[in-house]
Amino acid sequence: MEKNKLQIYSSLTGKKELFSPINKNFVGLYVCGPTVYSNVHLGNCRTFISFDLVYRYLLHLGFKVRYVRNITDVGHLVDDADEGEDKIAKKARLEQIEPMEIVQKYTVDFHNVMALFNSLPPSIEPTATAHILEQIELIKQIIENGFAYEVNGSVYFDVLKYNESFPYGQLSGRKIEDLISGTRDLDGQEEKRNSLDFALWKNASAEHLMKWPSPWGIGFPGWHLECSAMSTKYLGELFDIHGGGMDLKFPHHECEIAQGCASTGKSPVNYWMHTNMLTLNGKKMSKSTGNTLLPLELISGENDLLEKGFDPMVVRFFMMQAHYRSTLDFTTEALIASEKGFQKLMEAISKLPNLNASNESSFDVKKLVESFYEAMNDDFSAPSLVANLFEAIRYINLISDDKETISKQDLTLLSKEINAFVFDILGLKKIQEQGNGKLSKVMDLVLEIRQEARETKNWSMSDLIRDKLNEVGIVVKDGKDGADWTSGL
Ligand code: AMP
Ligand code: ZN
């Protein structure tokens, strides 16, 4: 029943729309994944955790979901206007290692961080380099349909030609005339008929590290193409939900729509969802400006911005207190407030099994439970859900103090739904649940050895232990009372 009431805000129409899946077999959800050339920062995590919430709620509603989140391991250039080096190749050159070593290192980091935040893995996690053939086929189709042209071994999408048949700029609300007058003529872009055109395939120079043969010569795919190729392959030419951060609306997602229309004649996605930015000091958290905080720094407390470390579940709870379409500013004060709220929530939940049931309830339990669904059905409003859960906590505490009553049946319902919304949907877990008995014992030993190293000022050993633990997803937190640890295992 609740399945039929979900409203999703569509970035394309600017309205909340009743969610109606395309087919009965599965809901197709595609989320642009990270470009794996450095550690994911907390801003990236906000976007991925927001879509984890979407995925979890769809599952809770009983939908079968095919969740595809890609790994960008080639083609994302330093400059979004198709210029500059490939981000991964540049890092590989600087570190003098193979590009695939960079890809491996940061994919592992990404997975560890996602596990720490208790994010569910996607159903399929395809990589761009494993889908070169599909990308080449897609380019061939776009050329055949007359919307792309080849110059010196590179292929460009012809935006002006496309705009004669399909409106370009719909998603980002940009008009083509404004875009044309606003673009710079960049050096080295003289191959393009128009500066708005974007690369589908780029010719590779001899020293270029990641390249493949194609009908147009040796080269590599353009960044926007991979998501079109992989979403089509796994979800079909038309699928339900496509997500990413707001900064991907233009040019990335605008170009995906253009590629979809140019190859199949129809727009590829029913609901475009975009998350707003996590900010730090009021500015977007971003790799390129260095205004970032890494998840491991936040957990360990090792950053000058922080007074102490925070458990990943507190960080996740902090993120759930803003709607995904609102900006969220990171401050230590906000994290401390979230820590208190999280503890209050967990304390109340632990009281549930011990509450005494009465003959009847003194308040409307069904309405309270209904309010959880109403919040999430309103475009996945986690902050409204949290507010409604706190209303439930108020009642739990009053029942515990014998100031309100609850019937046995209502208590069963309330316990079941609170557990579902807090653990399955918000994706929180009790802090003490992390790790298991054996792991705790091993960790006690490892931390003791590390403490000895620190006492003898053997900093390299102490750092080595910390870094090796990080590699397997265990974060060490140094505090006033010694070291503690947390893990996504
Ligand atoms: P990237 O690896 O840079 O392509 O980014 C991965 C995802 O994180 C994309 O969906 C971005 O839109 C998103 N993202 C980047 N910075 C932020 C931020 N400060 N807040 C929220 N999401 C972000
Ligand atoms: Zn993408």
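How many bridges join strand S3 to S4? Strand S3 (residues 27–31) is joined to S4 by 5 bridges, and the two run parallel; one of these pairings sets Gly28 against Arg66 in S4. Strands are DSSP runs of E with at least two residues, helices are runs of H or I with at least four, and both are numbered from the N terminus. Two strands pair if DSSP finds at least two bridges between them.

This is a predicted model, in which local features need pLDDT of at least 70 and side-chain atom pairs count only at pLDDT 80 or more, while totals for chains, interfaces and linings use all residues. Residues are numbered from 1 along each chain as its sequence is written, and side-chain values use heavy atoms, without hydrogens and water.

The open sheet has 4 strands in the order S4-S3-S11-S12, with parallel pairing. S4 and S12 stand at the edges with a single partner strand each, so one side of each is left without a neighbour in the sheet.

| Strand | Residues |
|---|---|
| S3 | 27–31 |
| S4 | 65–69 |
| S11 | 239–245 |
| S12 | 269–275 |

Helix H1 packs on the sheet, touching S3, S4, S11 and S12 (contact: heavy atoms within 4.5 Å).

Methods:
Chains are lettered from A and ligands numbered from 1 in the order in which they are written. Axes are lines fitted to C-alpha atoms, for helices over the stretch in contact, and angles run from 0 to 180 degrees between N-to-C directions.
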